[in-house]
Amino acid sequence: MKKGISLIVLVITIIVIIILATSVIVTIVQNNPIGKADEAVFKSDFKVLQEELNMYITNKVLEVNGDINKFNVKNFNVNEKSINPTLNEVLINLEKSRIKDKVEIKEGKLVFIGTDKKEKEWFDEVSNENKEPSIPGNMGDGTDDKTKSTWDHPFVPAGFYYVGGTPKTGYVISDNSADAGKGTSHNNVLTGNQFVWVPVGGNATGGNGVTYGKITEKPLNWSDEIYGMTFENYMLNFKVSEGSVPNSVKSMGITTHEEQITKYGGFYVARYEAGLDKNYNKYNDEYEIIKSQKGSIRNASNIDEAKTYAENMIKTGSVRTGLITGAQWDTLLKWISLTPMPGTSEYYNICDVSKWGNLHDRQGPADVPYDWSAEKITGYSDKWMVNNIYDLSGNFDEWTNEYLLCEGALVGVNKGGNMYDYGKNGWPMLSPIGAGQYVAGRYTTLRVVLYII
């Protein structure tokens with residue numbers, strides 16, 4: 001008997017080999033390990049360059065102390081022909097990267113100028129990741145797309161998370177992911193800085209909507225005379241000058257407060273009065289970082305100190321903080337005045353705030369037992385909360401970023417009143433009280449707003 005393989009077995013073996021080879025080839029083509037490696041290197045290089053650009057811009061802003069006339073990120077354009085600085089001086093690792101000769105800087109952002117379509121796709125993917133990282137969990141009525149932000153669909157900046165509430169009742173966000181979706185109940189324990197969306201325009205409260213700006217018309221509940229003044233005389237006596245946009249915000253190309261309203265349909269305000277950072281060490285830390293959380297209050301003895309606290313609170317690639325302005329304060333009051341009080345047919349009265357604030361003459365729902373000898377905190381009672389914002393009325397006076405002309409001099413302004421003031425007489429929510437000197441020993445703090453950049 002001769003040993004060997006039959007023709008049939010040989011044919012079957014060849015077919016199996018062909019099938020296996022085809023499978024391997026298809027797998028290689030589909031997975032494209034070389035292409036995947038190229039993509040990974042390209043994206044890694046891009047992220048390194050993006051970090052270098054961010055660091056350069058941050059250092060320049062700090063170098064000029066936020067002066068927009070000396071450095072404006074919107075005017076920061078660098079290409080291969082630029083001299084001061086050169087592209088390589090800004091992007092230190094550009095020469096040894098895969099995207100050398102394929103990027104330049106326009107208005108402070110990396111722009112792809114290459115011709116490879118696949119690389120353009122990779123570039124766009126990483127750009128979108130850097131622009132607005134995905135936000136885990138439910139966002140309620142919010143959006144993570146800046147271009148779609150409106151009064152009733154607020155934009156949630158990168159690094160912030162939806163806590164609870166609606167644009168009509170107070171849409172709350174936090175900068176701590178642990179707070180995501182926990183809700184706005186007074187008894188909830190939240191650990192991040194919290195902010196509330198103030199809707200402007202549209203049908204913000206079921207009425208004609210809220211307009212942005214100072215209150216210039218007599219409120220419905222204004223009595224004939226307050227402190228001997230008609231509303232008209234009040235407007236003549238309290239001539240104020242709105243403070244400018246914070247330097248840290250100006251450096252990012254935002255020059256007016258109204259830009260936030262036009263672009264996004266509202267603005268975010270701190271849910272609480274400025275909180276005390278108990279971890280602050282005055283010997284080791286350059287400055288104290290305030291909080292927007294339930295707890296002890298940071299006293300601010302003058303408007304300059306208040307501005308410093310406000311502008312140093314949060315500085316990221318997505319947002320900056322600043323002291324609330326008079327126009328923002330009044331816009332907030334307009335929104336509150338169109339809000340029904342729970343369980344009643346009344347609306348919140350911004351001329352008589354004794355029913356919803358911690359004031360000496362507090363009454364009705366606001367008449368909460370309070371230990372005056374205890375440490376004063378913000379967020380003590382939900383009876384002193386409106387639209388998920390605590391302690392606007394009473395508790396501590398709050399600085400606003402505006403100035404009052406008083407006896408020929410511009411002095412700082414605080415509003416809201418404190419726990420020893422009376423709320424029935426139209427003051428303290430509307431009247432700007434001049435405070436040009438230090439107010440140490442008084443109950444005076446601040447409240448910040450969040451600027452989207």
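The exercises below concern a predicted model.

**Exercise 1.** Locate His 186 and decide whether His 186 is buried or exposed.

*Solution.* Step 1: find the position in the chain. His 186 sits in the loop that runs between β4 (171-174) and β5 (194-199). Step 2: take the relative accessible area, which is 18% for His 186. Step 3: apply the cut-off, since buried means under 20%. His 186 is therefore buried.

**Exercise 2.** Find which side chain makes a polar contact with His 186, and list the residues in contact with His 186 beyond four places in sequence.

*Solution.* Step 1: look at the side chains. Those of His 186 and Tyr 390 are joined by a polar contact of 2.8 Å. Step 2: leave out the neighbours within four places in sequence. His 186 is then in contact with Lys 294, Gly 379, Tyr 380, Ser 381, Asp 382 and Tyr 390.

**Exercise 3.** Compare the span of helix α9 with the expected value, and explain why α9 is described as largely enclosed.

*Solution.* Step 1: α9 covers residues 326-337, 12 residues in total. Step 2: from first C-alpha to last, α9 reaches 16 Å, close to the 16 Å expected at 1.5 Å a residue. Step 3: 11 of the 12 residues of α9 are buried, so the rest of the structure largely encloses this helix. Among the buried residues are Trp 329, Asp 330, Lys 334 and Trp 335.

How values were computed: Residues numbered from 1 in each chain as written. Predicted model: local features only at pLDDT ≥ 70, side-chain atom pairs only at ≥ 80, totals over all residues. Heavy atoms only, no water. Helix = DSSP H or I, 4+ residues; strand = E, 2+ residues; numbered from the N terminus. Buried < 20%, exposed > 50% of the residue type's maximum accessible area, 1.4 Å probe, protein only. Polar contact = N/O pair within 3.5 Å; in protein donor to acceptor, adjacent residues only side chain to side chain. Contact = heavy atoms within 4.5 Å. Expected span 1.5 Å × (residues − 1).
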